[in-house]
Amino acid sequence: MKIYTGTGDRGKTSLFSGERISKSSPRLEAYGDLDELNSVIGAVVAAMDEDQPALKGEIMAIQALLLEAGAWLATTPGAASTRFLKPFTKDPAEMLEIAIDRMNAPLPELKHFILPGGHLSASLAHMARTVCRRTERRVIELAEHEDGDSGPTDTLTHILVFLNRLSDYLFVLARYCNHIQGQGDVPWQG
Amino acid sequence: MARVSDTPRFTASLVDRHWLAPGILELRLTRPVEIDFIPGQFMRFAMDGYERDYTMVSTPDAETIDFCVAVVDGGRFSRDILRADIGKRFQLTGPHGHFVFQGPANPAVFVATGTGVAPFVAFCRSGVGVDAGLLLHGVDTPDRLIYREIFQSTLRDYIPCISRPFENRDSVERAYSGRVTGYLKQQLTPGTYDFYLCGRGTMIRDVTELIDDHFSDSRLFIESYD
């Protein structure tokens, strides 16, 4: 299969539900940022040591969930093509909460602001956190742009909760990465 | 938290193989009872050292699963399928793909080149999208207009688009002399449609540009054979 189709050379692309939209539309901004987030998370995994297979597996499962969320964002709500999408429920956010509590347990209590940094994996996790926050803002913008007074769909609501929780997960992950590297947090000396 | 996507695997045996047109074969395989698919989806043939994707032209409830295959000079699958004895077992995975009928929101315009008509054969045989459907089938010569009878008897409208000059124009009902892009530009009434494109990437790119320029509120669904 060829990678390039040429069908997007003039600034438009097709949604999964068939509509042709501008590449600057809010929907594309949203799933484009989600793609960027997923890529940065991939860099986090790549920067982690080999002796963390369980944590790496967990993060890669999160990446799979982000692909599923991206498919929903690339589909107009109610379109027939949603039949091919896996339901995006509140379960992933709840699983993140469990993971956050697990990683946070061995960490020292946070009593000061910290600088995003430390080990490469921790630094990338902080970067992923900021991209995640931007993605969340873009999805909120999409929800406001597309749903008007009717409010977002249940799926969009679940994706928003997931992204909000994922930012927290990535913050704790950054601290955890420094912790397992024996570096600890990088305190702000302000 | 991990999820694993298991693509179903099947074994199916070759029941029949015949020529639909010069260079185009139809294969008929036994249908494993557990196979379930939506018209327009394809199966992946896992051959010895390579894979090939082919769209079913049969209906999901038929006794066999049928495919049409363009035979390519020097092609590995072409060589292997021509050598295969009746009864040969093939490993398949699937169904794959999302190129299925999306409902009657807008009039459907199906556009295919060559064996790209395969998903539309499955649509017609299953009765999906046919009432308001127009099919443009682009070929270079009339003898490659496969499945004509099915399209003529099922679809609201069927226009063979023949790109090379040919004699006996009366022998091909409603033929348009030229490419599918020419028909779309000159003949299709302005409006909002659901376009379904299946075939070579060049056709898909050219038709997409036309849609953006002339039918910009339409929806577009694509299956590329490249």
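**Entry 1: domains of chain B**

I looked up the domains of chain B and found domain 1 (4–95) and domain 2 (108–224); such bounds come from an automatic or database domain assignment. This is a predicted model, where local features need pLDDT of at least 70, side-chain atom pairs count only at pLDDT 80 or more, and totals for chains, interfaces and linings use all residues. Residues are numbered from 1 along each chain as its sequence is written, chains are lettered from A and ligands numbered from 1 in the order in which they are written, and side-chain values use heavy atoms, with hydrogens and water left out.

How far apart do the C-alpha centres of the two domains of chain B lie? I got 24 Å. Domain 1 of chain B puts 17 residues into the contact and domain 2 of chain B puts in 13 residues (contact means heavy atoms within 4.5 Å). The area buried between them is about 1300 Å², and carbon and sulfur atoms give 64% of that. Buried area is the accessible area (1.4 Å probe) that two parts lose on being put together, summed over both.

**Entry 2: helix α2 of chain A**

Next I checked how α2 (residues 53–73) of chain A packs on α5 (residues 154–180) of chain A: the angle is about 155° and the axes are 11 Å apart. Axes are lines fitted to C-alpha atoms, for helices over the stretch in contact, and angles run from 0 to 180 degrees between N-to-C directions. Helices (H or I, at least four residues) and strands (E, at least two) are DSSP runs, numbered from the N terminus.

So α2(A) is roughly antiparallel to α5(A); angles over 145 degrees count as that, under 35 as roughly parallel, 65 to 115 as roughly perpendicular and the rest as oblique. Among the contact residues I noted A:W72 of α2(A) and A:F162 of α5(A). By class, the residues of this contact are 16 nonpolar, one polar and one charged. Ala, Val, Leu, Ile, Met, Phe, Trp, Tyr, Cys and Pro count as nonpolar, Asp, Glu, Lys and Arg as charged, and the others, Gly among them, as polar.

Most residues other than glycine have a negative phi, and most peptide bonds are trans. I found that the bond from B:G94 to B:P95 is cis, with omega near 0°; B:P95 sits in strand β6 (residues 89–96) of chain B. B:Y147 is not a glycine, yet has a positive phi of about 60°.
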